[in-house]
Amino acid sequence: MLPYRDPSRPADERVADLLSRMTLAEKAGQLFHSMLTMNPDGSLTGAADGAPPRRGTAELVTDGHLSHFNLLGRYGVRETAEWVNRLQALAADTRLGIPVTLSTDPRHSFTDNPGTASGHGAFSAWPEPLGLAAIGEPELVEQFADTVRREYLAVGFRVALHPQIDLATEPRWSRQSGTFGSSAEVTSALVRAYVRGLQGPRLGPRSVAAMVKHFPGGGPQRDGEDPHFPYGKEQVYPGGMRDYHLAPFRAAVEAGCSQMMPYYGQPIGVEDWEEVGFGFNRDVLTGLLRERLAFDGIVCTDWGLLTDASIGGEPHEAHAWGVEHLTVAERAAKALDAGADQFGGEQCPEVIVELVRSGRIPEERIDASVRRLLREKFVLGLFERRYVDPDRAEETVGASEFTALGEAAQRRSLTVLTNHSLLPLTDRPNLYVEGVCAQSASLYGNVVADPAHADVAVLRLRTPYEERPGLFESFFHAGSLAFGEERLKEILALLSAVPTLVCVNLERPAVLPEIAAKAAALVADYGAHDEALLDVAFGRARAEGRLPFELPRSMAAVAASRPDVPNDTVDPVFPYGHGLTL
């Protein structure tokens, strides 16, 4: 038995042996964490046309030597498990048999954005992280992360591209639903619990590695725009709160997180930081993360820093903010010089081979990153247990135990903002509903088609946003947080016609002063089924949530606030931490 295949040997010894056997091309392949899709029947996908074209799965594994992949999309549980086994069998047949490390974006809640998360599908359904923060219990977050771990392991996911521990300090930013809100203290406590739930007391064969993001803290984006797009690339700290945003990442490192993802943002006017995106930023990745915080885990860049790509048929330039003028090879070299180990969403190992052969990057620098990446595979036990059991996967994913925990958390996370003697509802009232499934509502009352015939109305709303022109952009809800004039008139007319329970999904901090003043009751949710809301409305479950950020009074107040300062708007309608008990 070759030493690297011997499970009785220490991980570092196995890494050294395997690394010594690898060609430069095989090493270069490890530095890429690319995206894959699968066919609905669980078979491997082939090459895809496009600009640039995407390589097929077999080509990436056998010719490109890649062994880290992020599965995009939502599929059947059995089909996913069977696909994982086919992928691992393909990797096992390569010269060295290096197993695949498979990752996923969050897939246990309600956000369905191809750039950030998948809806829960067959997995247990929980509130978004904002909802977990509204409850504020580290024990619950650890239980959630442990549930994620068990469901992920069943289908073969070994790296979670989460938790997202940016702070929600810019009310317009589109990525807030994946955060724990605006408090660095709360986020620090919850990320420690999250890492424990995913990884256990230490990383091992029953762990899912946590790739914490987005170092050193996304959130303070100029005008609340997101750096997925060139108009949102600037990250600013007019309130001088850089260390405040860093605090949760310090907690994540102390908790032993295995991986870290820097964000796309380009810091502007920040002392001691070069004005280039964080994935290229040596001041941040080496000076701050490696040296000051003593992080020795894997640093994987956010997706798409090197090459232009086609997303949904639309051209998108590389997220190479501050280094747009550099070639792909020069960008890769700068990221490696900065301290990155791996390139997310890319598949160009030939660039690394050429950088080494040209003398621009020494092979010893590549070895340092490959050593980290291989070590995690050994520690996770992938060489010994790369395959999954499709029957067991079907039994585990969405199991009744996990579903019940998620349903309970949805109910607990609901936040009662106002209640003018409406709640709890009793008997079987005549219900007029909008944004609520009529069939679900019929289990609680008599559903009527006209509010004039209703005793109570139940209205579910989403936080407003401005439509953006691109397909990919349309998934990132940004811009104004206030309802347009016509829509607000419609809402207020209903509130005047019948006592109305309004529930607003807070993916961002909505501007609601008129609605708050006229609703008979106002509730916030962060991802919850209709039944969860109705159970709380009828007193069958208890809402325990408290706001994880403040709700501003106006867009003028938002525009005047500082993007790096938490809860910084003047005279908010509801302050951070607000919530009533029924």
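Analyst: First, a definition: helices (H or I, at least four residues) and strands (E, at least two) are DSSP runs, numbered from the N terminus. By that rule the protein has 19 helices and 18 strands. This is a predicted model, where local features need pLDDT of at least 70 and side-chain atom pairs count only at pLDDT 80 or more, while totals for chains, interfaces and linings use all residues. Residues are numbered from 1 along each chain as its sequence is written, and side-chain values use heavy atoms, with hydrogens and water left out.

User: Where does serine 421 lie, and what is its phi?

Analyst: Serine 421 is in the loop between β13 (415–419) and β14 (430–434). Its phi is near 65 degrees, a positive value in a residue other than glycine.

User: How do you know whether the overall size agrees with a compact globule?

Analyst: The radius of gyration is taken over C-alpha atoms, and the globule rule is 2.2 Å times the number of residues to the power 0.38. For 582 residues that rule gives near 25 Å; the protein has 24 Å, so the two agree. The C-alpha trace spans about 75 × 55 × 45 Å along its principal axes.

User: What makes arginine 242 count as sitting over the ring of tryptophan 273?

Analyst: The rule asks for NZ of Lys or CZ of Arg within 6 Å of the ring centre and within 35 degrees of the ring normal. Arginine 242 lies over the face of tryptophan 273, at 4.6 Å from the ring centre. The label holds.

User: Why is the second largest pocket called a pocket, and what is its volume?

Analyst: On a 1 Å grid over the protein atoms alone, a cavity is a set of points where a 1.4 Å probe fits but cannot get out; a pocket is an open set with protein on both sides within 12 Å along at least five of seven lines. Volume is the space filled by probe spheres set on the points, which are joined across faces, edges and corners. Here that comes to about 690 Å³.

User: Which residues line the second largest pocket?

Analyst: Lining residues have an atom within 4 Å of a point. There are 41, and the closest to the centre are Phe110, Thr111, Asp112, Glu128 and Ser177. The elements giving two or more residues to the lining are α5 (129–135), α6 (138–155) and β16 (456–462).

User: What is the peptide bond between histidine 162 and proline 163?

Analyst: It is cis, with omega about 15 degrees. Proline 163 is in the loop between β4 (159–160) and α7 (184–199).
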